[in-house]
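Please read the following walk through a protein chain slowly, with the structure open beside the text, and look up each residue as it is mentioned.

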Amino acid sequence: MNIAVVGLSHKTAPVEIREKLSIPEPQTESAIAQLTSYPHIDEVAILSTCNRLEIYIVTSETEHGIREVTQFLGEYSKLPVISLRQHLFMLLHEDAVMHMMRVAAGLDSLVLGEGQILAQVKNTHKLGQQYNGIKTILNRLFKQALTAGKRVRTETSIGTGAVSISSAAVELAHMKVENLAACRVAILGAGKMSRLLVQHLISKGAQQIRILNRSRDRALELAKQFPDQPLDIQPLSEMMTVISQSDIVFTSTSATDPILDRAKLEMVLEPSQSLMLFDISVPRNVHADVNELANVKAFNVDDLKAVVAQNYESRRKMAQEAEKILDEEVEAFDVWWRSLETVSTISCLRNKVETIREQELEKALSRLGSEFAEKHQEVIEALTRGIVNKILHDPMVQLRAQQDVEARRRCMQTLQMLFNLDAEEQFS
């Protein structure tokens, strides 16, 4: 069995491609079901965030497994595979394992060291188990990756004050306007990204903040987290009215299609009225055609790269410390992986030897007579167990320690032949 990852990210694809391959949580179950229905995919996990879509698989036939994932991505995005392929990356076994560790640690994020990705990896693990995509191998990989992500954040300073996508958006807004305190700000959405927007806006001096959301309760819950800053809560149905009264609008909703476009804005904005839109959603909430309006400026997640670049250099040395931790976690996973192939052979050999021991012990005790057998059975039992364990110890240690895959397989085949182990029983 082999591990592979096929995907795309902010490094390989622009937002207009990424949004076509965003798999929202309600669609995860059907996507996993479709992927596991392919003949060469045994396990699957789907990591979908605003900056990446990655599909991790376990497959006995790597080439076929990757082809099936690519086929799925083409069907899902409705993009020709030939044009989609230029945006995809594909990593196999050791590289796929290290990539998973780097993602969980925040080292592959647009914002180096950002913390939100660890929770997203954890959620991917939970959903993968819930919908029967993750089994033995990916379960171990995700657990090891989560351990790696936690270690990086506790043993290095890379996450200290790390900017998120939300804070990068606020930083960009702060660069574009002279005084955030004088601006009327609207935020569409009341999720985690919006909470971070509010937090960073307040820290930059913003005072007039409106939250628009379909669920009033959720918006009120967000407002409660900022008791010292009055937030105006409005229903999403008032969106266009509120936008017409705003200077800056941040959008962070789960809508799968744009909720703002040129036509809608033209209906409510005065010809000379200026407006800045910061869209941190993928799929995008703001249609690209709004930039055709003379006094409207729209920014999306790909426009944050300049802000993020300033953050990167200060974290580069911390990232080097983090890489050492990841090497340790990859090695721990690799040790487990190498032992996995030998487990069934070792188990089968132990079972065979144990059966022989029990049969011979039973014969010996019956010859010794019931009185002697009852009196000395524990001693004789311990003696035979000790002999068996000592005989098996060195072969088992050597088999587990064998690093070369082909050499290890030859050892296992030799064991199976010499001890006449049943291959079918071994893998049952």
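This is a predicted model: local features need pLDDT of at least 70, side-chain atom pairs count only at pLDDT 80 or more; totals for chains, interfaces and linings use all residues.

Because they are four residues apart in helix α14, E381 and R385 are separated by about one helical turn. R385 itself is partly exposed, because its relative accessible area of 38% lies between the limits of 20% for buried and 50% for exposed.

Which residues of the largest nonpolar core touch the most other members? Of the 40 residues in this core, they are I165, I187, L201, I211, I248 and F250. Several helices and strands each supply at least two residues of the core, among them α8 (165–176), β5 (184–188), α9 (192–203), β6 (208–213) and α13 (305–368). The element that gives the most to this core is α8, with six residues. Apart from this core lies another one, made of 38 residues, including I117, I137, F142 and A148.

Not counting residues up to four places away in sequence, Q229 touches I202, A206 and Q207.

The strands deserve a look of their own. Strand β10, residues 296–300, is mostly covered, with four of its five residues buried. It is joined to β9 by five bridges, and the two strands run parallel; within this pairing, the bridge partner of D279 is N300 in β10. The loop between β9 and β10 contains P283, and the peptide bond that leads from V282 to P283 is cis, with omega near 0°.

H93 lies in helix α5 (residues 93–105), while T62 lies in helix α3 (residues 62–77). H93 and T62 are 31 residues apart in sequence, and their C-alpha atoms are 9.6 Å apart in space. H93 counts as buried at 10% relative accessibility, and T62 counts as buried at 19%. Leaving aside neighbours within four places in sequence, H93 is in contact with I3, F333, D334 and W337, whereas T62 is in contact with N2 and L92.

Charged residues come next. Side chains of opposite charge can pair when their charged atoms come close. How many salt bridges does the count come to? The count comes to 21 salt bridges. One of them joins E329 to R151, with the closest N and O atoms 2.9 Å apart. E329 lies in helix α13 and R151 in helix α7 (residues 136–155), so this pair ties together parts that are 178 residues apart in sequence; both E329 and R151 are buried. Another salt bridge is formed by E54 with R52, where the closest N and O atoms are 2.7 Å apart, and these two residues are buried as well. Salt bridges that share partners join K11, R52, E54, R102, D108 and E323 into one network.

K78 has a positive phi of about 60° although it is not a glycine, and its place is in the loop between α3 and α4 (81–84), where K78 is exposed with a relative accessible area of 72%. N420, which is likewise a residue other than glycine, has a positive phi near 55°. N420 is found in the loop between α15 (405–418) and α16 (423–426), and at 60% relative accessibility N420 counts as exposed.

Methods
Residues are numbered from 1 along each chain as its sequence is written. Side-chain values use heavy atoms; hydrogens and water are left out. A nonpolar core is a set of buried Ala, Val, Leu, Ile, Met, Phe, Trp, Tyr and Cys residues joined through side-chain atoms within 4.5 Å. Buried means under 20% relative accessible area, exposed over 50%, partly exposed in between (1.4 Å probe, protein chains only). Contact means heavy atoms within 4.5 Å. Two strands pair if DSSP finds at least two bridges between them. A salt bridge is a side-chain nitrogen of Lys or Arg within 4 Å of a carboxyl oxygen of Asp or Glu.
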